[in-house]
Amino acid sequence: MDDLETRELRYFVAVAEELHFGRAATRLGIAQPPLSRAISLLERRLGVQLLDRNRRGVALTPAGQVLLHEATTALDAVNAAARRTRRAGNPERPLVLVTKAGASHELLQKLLTAAANDPAVTPVDVLLCEVGEQAGLLRNGHADAALMHRPFDDLAGFDTEDLHTEGQVAIVPAAHPLAARAQLTLADVRNVPGLPIARWPQLDGTYPDGPGPEVHTQAQLAQLVALGRTLLVIPASSRAWQWPEHVAVPVIDAPEVTTVIAWPANSRSREVATLVRAATSLA
């Protein structure tokens with residue numbers, strides 16, 4: 001069997017994500033018939049059925065689900081190789097450090113100051129993202145390094161150095177009785193009538209079961225807490241975005257969270273190495 005081509009993988013990913021040949025063709029900027037032929041040829045070459053086709057659209061078979069995961073990873077790696085190669089050819093380019101907006105704010109400030117004061121460290125640009133997006137931006141080459149949190153973030157395939165370990169706090173509406181407490185336990189916040197815990201996406205993109213609202217962004221979450229619709233438990237240093245309508249209360253039995261600096265495994269970038277050394281000097 002011939003090697004798979006990136007064009008084939010892009011075609012398949014578009015169909016697998018849209019679950020509709022017409023929408024996938026529009027997304028790719030091609031006509032639908034050649035797209036259908038390309039997918040059929042891919043199935044014949046692999047010897048498996050990737051899609052169940054019907055009048056309403058298409059559905060992934062188990063083999064198709066595997067290829068979607070593998071193809072997305074492969075395309076990210078190809079894109080990352082191109083971006084990192086272009087950056088390596090531009091010695092004046094800054095390093096890109098990605099971090100979740102509002103997370104590890106004090107540590108981030110210290111790291112940027114240390115990097116700016118160290119002539120050996122390449123200038124750093126900060127890329128702010130939402131929850132769980134650091135891994136993807138690091139894998140596809142949009143970022144050179146990331147500040148991430150164990151055990152919440154996806155660290156598979158990255159090298160890491162621990163920087164800071166801390167407890168967690170509950171962010172609750174200032175008018176709620178919990179806001180007057182000096183400390184809380186997980187049992188105290190797990191089933192609060194009228195104030196369910198917000199639900200963040202898990203590593204696979206799905207949401208845990210529960211009555212709390214599904215949240216996608218920090219701004220959305222902050223307003224829901226201020227409106228008295230939800231509460232959350234987060235690392236203590238992540239409360240930099242806290243509003244006046246919020247109160248942070250320590251949760252004494254919540255698992256500790258470790259902030260790490262992460263970078264692609266087996267990286268040979270001296271610029272990334274100097275940034276990691278600057279970060280670990282703060283630990």
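Accessible areas here come from the Shrake-Rupley method with a 1.4 Å probe, and for residues only the protein chains shown count as cover. With that I got an accessible surface of about 15,100 Å² for the protein, 52% of it belonging to carbon and sulfur atoms.

Housekeeping: I am working on a predicted model, where local features need pLDDT of at least 70, side-chain atom pairs count only at pLDDT 80 or more, and totals for chains, interfaces and linings use all residues. Residues are numbered from 1 along each chain as its sequence is written, and side-chain values use heavy atoms, with hydrogens and water left out.

**Overall**

I looked up the box next: the C-alpha atoms fill roughly 65 × 55 × 25 Å along the principal axes. Of the 283 residues, 40% count as buried (under 20% relative accessible area, 1.4 Å probe, protein chains only).

**Five-stranded sheet**

I traced an open sheet in the order β4-β3-β5-β10-β6, with mixed pairing (two strands pair if DSSP finds at least two bridges between them). Its edge strands are β4 (124-129) and β6 (158-166), each pairing on one side only. Neighbouring strands are turned by 25° against each other on average, direction ignored; axes are lines fitted to C-alpha atoms, for helices over the stretch in contact, and angles run from 0 to 180 degrees between N-to-C directions.

Inside this sheet I checked β3 (residues 95-100) and β5 (residues 145-150), which run parallel and are joined by three bridges. Val98 has Ala146 in β5 as its bridge partner. Helix α5 (residues 105-117) packs on the sheet and touches β3, β4, β5, β6 and β10 (257-264), contact meaning heavy atoms within 4.5 Å. The direction of α5 makes about 160° with that of β4.

**Three-stranded sheet**

I found an open sheet ordered β8-β7-β9, with antiparallel pairing. β8 (232-235) and β9 (246-251) each have a single partner strand, so one side of each is left without a neighbour in the sheet. β7 (residues 168-173) pairs with β9 over six bridges, and I noted Pro173 opposite His246 in β9.

**Hairpin**

Last stop: β1 and β2 form a hairpin with two residues between them. β1 (residues 51-54) and β2 (residues 57-60) pair in the antiparallel sense over four bridges, with Leu51 opposite Leu60 in β2.

Notes. Buried means under 20% relative accessible area, exposed over 50%, partly exposed in between (1.4 Å probe, protein chains only).
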